[in-house]
Amino acid sequence: MAAKSCQEGHPTEAFGWAARDHSGVLSPFKFSRRATGEKDVAFKVLFCGICHSDLHMIKNEWGISSYPVVPGHEIVGQVTGVGSKVEKFKVGDKVGVGYMVGSCQSCDSCHDDLENYCPDTIVTSGGKYHDGATTYGGFSDIMVADEHYVIRIPENLPLDAGAPLLCAGITVYSPLKYYGLDKPGMHVGVVGLGGLGHVAVKFAKAMGIKVTVISTSPKKKQEALEHLGAHSFLVSRDPDQMQAAIGTMDGIIDTVSTMHPLFPLIGLLKTQGKLVLVGAPEKPLELPVFPLIMGRKIVGGSSIGGIKETQEMIDFAAKNNITADVEVIPMDYVNTALERLSKSDVRYRFVIDIGNTLKN
Ligand code: NAP
Ligand code: ZN
Ligand code: ZN
């Protein structure tokens, strides 16, 4: 029997898989979602990517998880119902939801299309709606979300390989643009060739950027160069290779999910280069100050992207045939997938075929 959690004011029966504790294991879970409100879009979930942030939350590595957690924030599906005031979507449309399903809609960030930096962002999984109910993510049969936070999926974008763009895609696209690392001819390093890293290579290449992958896994070299089309590949644990690339990069997108030294990465930057951290390790990283001062270098961060920019990114991806490289898996493979993801053993994103394999 699946455990059940029905929340007040959330009458629609839903079914998914949840973590009940920090063991890293998910199991079937019955819960409920809100009725489709006047500005809401309801949709049947077809595919959902597994992001490393899901793993951090499942295992409570950030110390903020409150169980049960229904993960999943790279969600695509088909609209089954819309509220009376919904303007952008109709039944049958292909849609997606990423890392957030709400924000205050009145602060400066919200006004500037930067809902991702709103202090009251409602995250898709493991957050709280304004009524206090827990948000449950896309490892589930149905979703209901305010249309403002719903992304239109272009006709030519495959749903399975397109799903990871909703988090991995926007998380690397946004800093490339914001930090001005999108100018043709620039040289950008991508650290960590996982879910985020491999789409970073694809977006940067589509922008005309020269890309170097900086990885701990020498075995990923051939694929990075031949299949993903990176221009070069550095093994970060090989001091000779790192030494040879010192001072060559305009910017670096660092997607590493765990503790790692920043000093060698700062060394790869040209004077005034920018190191942008998007990976979210559980503990603070050590920041060497002298190499920053001596080269007027910048270390910055970036969190997903606003809704307008997410739509722009999806449309850019569809136009440039950018999708994630995915391993599509059935729902009941999820625990093995999580174990493999924790060992960087995925090419390069797991996507769960929710529509065909989630059985109540
Ligand atoms: P992922 O698929 O697991 O990729 C992370 C990559 O980091 C691995 O493939 C590996 O690449 C590298 N890595 C792993 N352990 C390492 C170590 N000890 N030292 C150096 N490199 C190591 O994860 P992901 O889904 O891309 O997510 C990456 C991180 O971004 C996570 O922390 C996630 O929470 C975070 N994230 C942030 C945002 C945001 O808005 N800022 C959004 C989504 C995700 P190599 O084998 O090539 O070394
Ligand atoms: Zn994510
Ligand atoms: Zn706001």
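Q: Which domains does the shell around ligand 1 draw at least three residues from?
A: In this predicted model, domain 1 (3–167 + 325–357) and domain 2 (168–301) each supply at least three residues to the shell. The domain bounds come from an automatic or database assignment.

Q: Which residues come nearest to ligand 1?
A: Of the 30 residues around ligand 1, the nearest are Ser-215, Thr-216, Ser-217, Lys-220 and Arg-349 (near: a heavy atom within 4 Å).

Q: How much of ligand 1 does the protein cover?
A: The protein covers 90% of the 930 Å² of accessible area that ligand 1 has on its own (Shrake-Rupley method, 1.4 Å probe).

Q: Ok, the zinc ion. Which residues are its donors?
A: Cys-104, Cys-107, Cys-110 and Cys-118, each through SG, at 2.3 to 2.4 Å from the zinc ion (ligand 3). Donors are N, O or S atoms within 2.8 Å of the metal (3.2 Å for Na, K and Ca). Their spacing in sequence is C-x2-C-x2-C-x7-C.

Q: What geometry does that zinc site have?
A: Tetrahedral, with angles of 105 to 117 degrees among the 4 donor atoms; four donors count as tetrahedral if all angles lie between 85 and 135 degrees.

Q: How are the residues and ligands numbered?
A: Residues run from 1 along each chain as its sequence is written, while chains are lettered from A and ligands numbered from 1 in the order written. Side-chain values use heavy atoms, without hydrogens and water, and local features need pLDDT of at least 70, side-chain atom pairs 80 or more, whereas totals for chains, interfaces and linings use all residues.

Key
Tetrahedral: all angles 85-135°; square planar, octahedral: opposite > 155°, others 65-115°.
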